[in-house]
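Some labels used for a protein model rest on a cut-off. The questions below ask how such labels are reached.

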Amino acid sequence: MHKKLFIPGPTEVVKEVLDAMASEMIGHRMKEFSELYNAVEPKLQQALYTKNRVLMFTSSATGCMEATVRNFSKKKILSGMCGAFSDRWYDIAVGNGKATDPLKVEWGMAIKPEMVDEKLKTGQYDVFTLVHNETSTGVKNPIEEIAQVMKKYPDVIFAVDAVSSLTGYKIDVDALGIDIILAGVQKCFALPPGLAIMSVSPKAIERAKTVENRGFYFDVIDMLKYDEKGQTPSTPSISHIYALNVQMDRMLKEGMENRFARHKKMADMVFDWAKSKGIELFPEKGYESWTVVTMKNNKNFNIGDLNKELGKRGKTISNGYGKLKDVTFRIAAMGDLMPADIHELLNDINDILKI
Ligand SMILES: *Cc1c(COP(=O)(O)O)cnc(C)c1O
């Protein structure tokens, strides 16, 4: 039996999008491909509220994280760290031999604008990496407030991982002055995993041109050169781009604002449920993610057993991530899930746990 995914990626994929994945193949140097590519990019720009170029990566989102550290820093990266994925970005920078400093808070806490300001004031940095929605802790960092601080530092590239929030939460890329935003398509975009997207501002492009050793597969300058022609440097996952085209149409038809409101509504349903059952939220108050609701297991449920029973009913949720495995659990409400799905899930959980 298929288990409906209430986990923070991959998420449920609707049949229309799955079918588009199975479109007949074309060559990536054929004009049919360029037409497809050129049709998708403006739709991505619309969904991201940006005029910046949006590149498609045949990789998971981690590929874009690596591209960011390789392409845009010549001096030193300031790496916001507040959980497993933001910690990973630091490790990627170090692994690529890039000078990097941590800006670290405890898991469950958010990165605050003052902390960013304090570090950037030193003038040591040329890139700041921020994970908007830290999927491991369910913390949503205050991106709007941090963006105000970033405006004081025009020489610092503002790079945002919005893997588990982009298109589920409104991020006005141009208004916030975000130079780089990246996401994999298997979360709020609700496509099968294997493709990621990244927008690049003119300022970031100018920087990249002056950076040596940008790597090969994800050399952004090379990718942009091909992007001009509606192509990618190497063979992309054409199937994904077909599916993304269909999904972007679906998204824009729903309306981005409606889509964000639907995600918020689903999150509120889970928040209300947790409150009514005496289940505490894990993140620092006021910074709770709307796409990955992360709760403390303060009622000592056996999440493994719960998931087994949910599985029999064709559903699955997530336990905690990494070191939070046994102390938290997560219900993700992303992509094409509907409030009715959350309603049914919560009823099932109540029934199974007899709460
Ligand atoms: C899922 C996730 C990633 C990693 O994405 P992959 O597509 O698995 O490489 C990175 N950052 C965040 C915030 C995520 O949720």
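Labels and the values behind them

Q: What kind of model is this?
A: This is a predicted model.

Q: Why is phenylalanine 72 called buried?
A: Buried means under 20% relative accessible area. Phenylalanine 72 has a relative accessibility of 0%, so it counts as buried. This residue sits in helix α3. Beyond its neighbours within four places in sequence, phenylalanine 72 is in contact with residues including Asp126, Ile157, Met198, Ala204 and Val220.

Q: How far apart are the C-alpha atoms of phenylalanine 72 and isoleucine 92?
A: They are separated by 14 Å, with the two residues 20 residues apart along the chain.

Q: Why does glutamate 114 count as exposed?
A: The label exposed applies over 50% relative accessible area. Glutamate 114 is at 53%, and therefore counts as exposed. Its place is in helix α5, residues 113-120. Between the C-alpha atoms of glutamate 114 and glycine 27 there are 50 Å, and along the chain the two are 87 residues apart.

Q: What makes helix α9 mostly covered?
A: Of the 8 residues in α9 (residues 220-227), 6 are buried. They are Val220, Ile221, Asp222, Met223, Leu224 and Asp227. The elements covering them include α2 (31-48), β2 (53-57), α3 (61-72), β10 (196-200) and α8 (202-209).

Q: At what angle do helix α10 and helix α11 pack?
A: Helix α10 (residues 238-254) and helix α11 (residues 256-276) pack at about 85°, and their axes are 5 Å apart. Angles of 65 to 115 degrees count as roughly perpendicular, so α10 is roughly perpendicular to α11.

Q: Which residues of α10 and α11 meet?
A: From α10 come Met251, Leu252 and Glu254; from α11 come Met256, Asn258, Arg259 and Arg262. By class, this contact of α10 with α11 has 3 nonpolar, 1 polar and 3 charged residues.

Q: How many cavities of 30 Å³ or more are counted?
A: The count is 2. A cavity is a set of points where a 1.4 Å probe fits but cannot get out.

Q: Which residues line the largest cavity?
A: Among them are Phe57, Tyr217, Phe218, Ser234 and Pro236. The lining divides into 7 nonpolar and 4 polar residues, with no charged ones.

Q: What lines the second largest cavity?
A: Its lining is made of Tyr37, Leu55, Met56, Met223, Gln231, Thr232 and Pro233. By class, these are 5 nonpolar and 2 polar residues, with no charged ones.

Q: What kind of peptide bond joins glycine 9 and proline 10?
A: The bond is cis, with omega at about -10°. Proline 10 belongs to the loop between β1 (4-5) and α1 (15-21).

Q: Why is asparagine 300 called exposed?
A: Asparagine 300 has a relative accessible area of 66%, and the cut-off for exposed is over 50%, so asparagine 300 is exposed. Asparagine 300 also has a positive phi of about 50°, although it is not a glycine. The residue is in the loop between β11 (292-296) and α12 (303-312).

Q: What makes lysine 354 exposed?
A: Its relative accessible area is 73%, to be set against the cut-off of over 50%; lysine 354 is therefore exposed. Lysine 354 lies in the segment after α13 (339-353). Phi of lysine 354 is near 55°, a positive value in a residue other than glycine.

Conventions:
Residues are numbered from 1 along each chain as its sequence is written. This is a predicted model: local features need pLDDT of at least 70, side-chain atom pairs count only at pLDDT 80 or more; totals for chains, interfaces and linings use all residues. Side-chain values use heavy atoms; hydrogens and water are left out. On a 1 Å grid over the protein atoms alone, a cavity is a set of points where a 1.4 Å probe fits but cannot get out, and a pocket is an open set with protein on both sides within 12 Å along at least five of seven lines; lining residues have an atom within 4 Å of a point. Grid points are joined across faces, edges and corners, and a volume is the space filled by probe spheres set on the points. Ala, Val, Leu, Ile, Met, Phe, Trp, Tyr, Cys and Pro count as nonpolar, Asp, Glu, Lys and Arg as charged, and the others, Gly among them, as polar. Axes are lines fitted to C-alpha atoms, for helices over the stretch in contact, and angles run from 0 to 180 degrees between N-to-C directions. Helices (H or I, at least four residues) and strands (E, at least two) are DSSP runs, numbered from the N terminus. Angles under 35 degrees count as roughly parallel, over 145 as roughly antiparallel, 65 to 115 as roughly perpendicular and the rest as oblique. Contact means heavy atoms within 4.5 Å. Buried means under 20% relative accessible area, exposed over 50%, partly exposed in between (1.4 Å probe, protein chains only).
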